[in-house]
Amino acid sequence: MLQIRTLTMREIALTLKEPFQISSGTQSHRRIFLVHLRDVDGAEGWGECVAGETPHYSSEAIDTAWVALREWVAPRVLGRAFNGSEEVQPALDLNFRGHNMAKAAVEMAAWELTARKEGIALARKLGGNEPSRERIEVGISLGIQKSPELLVEKARQALDRGYRKVKIKVKPGTDVETVRAAREALGPSAPLMADANNAYSLANAADVEALKELDELGLIMIEQPLAWDDLLRHAELQKLLRTPICLDESITGADRAEDMIALGAGRIVNIKPGRVGGFRESIAIHDLCRRHGIPVWCGGMLESGVGRAHNVALASLPNFTIPGDVSPSERYWEKDIVIPEWTMDAAGTMRVPLDRPGMGVEVDWNRVDDLTVRREEIIAPSA
């Protein structure tokens, strides 16, 4: 039984170790939105809303998610008796469109809380009867650099460090030359991919030519090259390319993944649990893709150690066969907000904490308190 008594929202401020640039802009700081749940038995669970500062990745932003969570998400879960965390998403989706990231923050915190109550690791909770992997392969995402030479240097360092996949952010004008330089410098077997973040259009002949040139560079995949809501043109593009297209922003639920498969709009899916509304929908997409032979991987949203914990647990499921963007804490932060911090070994793998209940790390309360810039607690009406 799950009955949430209090829901606390916190915004904390973290500075990235170095600016991160993609096709839609550059980020130097991260406003982190944390959710803390406590149930009537005193059990606790943590979640993280991955919405950005502006609605550039999706229609959500941290401030809209704050309002949505307070006004519409919290009233649907506080004080209500659930038989398990699996029932939270249906309660949030009934007559309530969109706001997936706001919903996911609470839904995922509920799964974490339930796992703690049951005394099992979150990864085991998500996997059900499936055996959980003890380690997952780690990839890295490299933002757009000032020159191809600098990108090559960072990619080489990443591979030397042990990363199993190098994602290169691209945009028109900063694409073919950069990726080709990396391929030529690092060799034909280097595990490279390109991520366009919606920056290209089939209506632009130069964009099509650039994508065809990228197709010749032996990439693992080209991620989300076209508009986030355009499956038809992705299907057209996939027919022109040997390289698998991976869809990210386009996949907002299992129904969209089903459409992708039916249309042939992509051959790989990036599952970000915040984007799709939480763990229940992530598992549904994972299972659907598994049945159809579509590999999946777990993308990142510049999360703190809390969001990373959830990604690590999800990425332990069996069809996550491509290294995810689950880099260690030191990749982005001088100091994370969890103990212990997330680390990667020299072989490019990260341990899935199966020996501790819940997400496997503890929140550093003192650090979170020091970093908090906004806090709001909501209590169940009957409490």
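Predicted model: local features only at pLDDT ≥ 70, side-chain atom pairs only at ≥ 80, totals over all residues.
A residue counts as buried here when its relative accessible area is under 20%, as exposed when that area is over 50%, and as partly exposed in between (1.4 Å probe, protein chains only). Residues are numbered from 1 along each chain as its sequence is written, and side-chain values use heavy atoms, leaving out hydrogens and water.

**Salt bridges**

- The structure holds 31 salt bridges, each one a side-chain nitrogen of Lys or Arg within 4 Å of a carboxyl oxygen of Asp or Glu.
- Lys117 pairs up with Asp39, with the closest N and O atoms 2.8 Å apart. That pair ties together distant parts of the chain, 78 residues apart: Lys117 sits in helix H3 (residues 100–118) and Asp39 in strand E2 (residues 25–39). Helices (H or I, at least four residues) and strands (E, at least two) are DSSP runs, numbered from the N terminus.
- Glu112 is buried at 0% relative accessibility, whereas Arg116 is partly exposed at 22%.

- Asp325 and Lys165 form a salt bridge, their closest N and O atoms being 3.8 Å apart. This one also links distant parts of the chain, 160 residues apart: Asp325 is in the loop between helix H12 (305–315) and strand E13 (338–339), and Lys165 is in strand E7 (residues 165–169).
- Both ends are buried, Asp325 at 6% and Lys165 at 0%.
- The two belong to a network of salt bridges that also takes in Lys167, Lys169, Asp195 and Glu223.

**Helix H7**

- Asp207, Val208, Ala210, Leu211, Leu214 and Asp215 are the buried residues of H7 (residues 205–215). They lie on the same side of the helix, because they cover an arc of only 160° around the axis, taken from the directions from the helix axis to the C-beta atoms.
- These buried residues pack against helix H6 (176–186), strand E9 (222–223) and helix H8 (231–240), with contact meaning heavy atoms within 4.5 Å.
- Over on the other side of H7, Ala205 and Ala206 are exposed.
- Asn204 caps the N-terminal end, with a side-chain oxygen 2.9 Å from the backbone nitrogen of Ala206.

Terms used
Polar contact = N/O pair within 3.5 Å; in protein donor to acceptor, adjacent residues only side chain to side chain.
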